[in-house]
Structures are given as structure tokens and as C-alpha cells.
Amino acid sequence: MGQVIAWQPTDLIVMAGVNDLAAGRRVNQVQASLAAVYRTARASGIRVVAVPVLPWGAYLDKSRFNRRRAAIVDDMRQLNAWIRRQGVKVVDGASSVSADGYRLRAELTRDGLHPNAAGQQRLGRQLARAAF
């Protein structure tokens, strides 16, 4: 965060959580990390724009995570609900890149987990409309 603050931005977009959940971190651990980022940014006069965890069900279905799918989806929902209660500007990126709230649209991802260039463009337009 020190490098970010040094740049003196007016806004900070925080899109986090997928890798934490995939790595097996507990929801409360991810919340604590995000809370620290939000708190530090706010204390520095930076507006926080949060993007809840994007859906990654297609990846869960075909990967080693399939056994833990229900628990991971529940963790994702808990984390996203928490993000929405933090008093930061929240932009629902899922509405621009997912048809069902569970999977990224096939044409907007290469692996079911990360948006591809088209998905990033769509998400960027959503952010621009909703937050700026």
C-alpha cells in the first residue's frame, strides 16, 4: 500500500479474493486483509472502489476444486456480502461478465477463472459507468 499511497491517487479499485479463496484462506482472513487495505486507503484520503469476487464456477467444475465447490461458493457469497457492507463504493462486476452469477461467460474467459481481454474491457466499462 505504501507505493500506492506515494502516487497520491484519488481512487483505488480493489478487486480481490479469488486467489485467496482458491489458496484455501478462510473468509475472515481475507476480510481482515481487505479491511486493512480499505482502512489505509481511507486514512490517506483515497476513495475505495471495491469489486466483489467474480464468479468462477466453470473453473470450480473442471478443476481440483470440484470436491470443495459448495464450500468455496458459500465462502465467495459470504465475502461478497461483507464487501458490500464496508461503506465503500461497490461495483458489481459480475453483472457485466456473467450470465448466471456462477460462471464467467465463455467468450469472456480463457480458463473460467480470469476474464480475458474482452472480459477485462467489459468490466472496465462497467467500472467507468458505475464509479466515475
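Me: Where does Gln 126 sit?
Reply: Gln 126 is in helix H7, residues 117-131. Keep in mind that this is a predicted model.

Me: OK, and is Gln 126 buried or exposed?
Reply: Buried, because its relative accessible area is 16%, and the cut-off for buried is under 20%.

Me: What is Gln 126 in contact with, leaving aside neighbours within four places in sequence?
Reply: Val 91, Asp 92, Ser 95 and Ser 96.

Me: Switching to charges. How many salt bridges are there?
Reply: The count comes to three. One of them joins the side chains of Asp 11 and Arg 47, at 2.6 Å from N to O. That pair links distant parts of the chain, with Asp 11 in strand S1 (residues 11-15) and Arg 47 in strand S2 (residues 47-51), 36 residues apart.

Me: How accessible are Asp 11 and Arg 47?
Reply: Asp 11 is partly exposed at 24% relative accessibility, and Arg 47 is partly exposed at 33%.

Me: Which residue does Asp 20 pair with?
Reply: Arg 25, with the closest N and O atoms 3.0 Å apart. There's also a salt bridge between Arg 103 and Asp 100, at 3.4 Å.

Me: Now helices. How do H3 and H5 cross?
Reply: The axes of H3 (residues 27-43) and H5 (residues 69-84) come within 10 Å and cross at roughly 25 degrees. That makes H3 roughly parallel to H5. The crossing is right-handed.

Me: Which residues make the contact?
Reply: From H3, they include Val 27, Leu 34 and Tyr 38, and from H5, Leu 79, Trp 82 and Ile 83 are among them. By class, the contact has eight nonpolar, two polar and one charged residues.

Note on methods. Residues numbered from 1 in each chain as written. Predicted model: local features only at pLDDT ≥ 70, side-chain atom pairs only at ≥ 80, totals over all residues. Heavy atoms only, no water. Axes fitted to C-alpha atoms, helices over the stretch in contact; angles between N-to-C directions. Helix = DSSP H or I, 4+ residues; strand = E, 2+ residues; numbered from the N terminus. Parallel < 35°, antiparallel > 145°, perpendicular 65-115°, else oblique. Left-handed = near helix turned anticlockwise from the far one by under 90°. Contact = heavy atoms within 4.5 Å. Nonpolar A, V, L, I, M, F, W, Y, C, P; charged D, E, K, R; others polar. Buried < 20%, exposed > 50% of the residue type's maximum accessible area, 1.4 Å probe, protein only. Salt bridge = Lys/Arg side-chain N within 4 Å of Asp/Glu carboxyl O.
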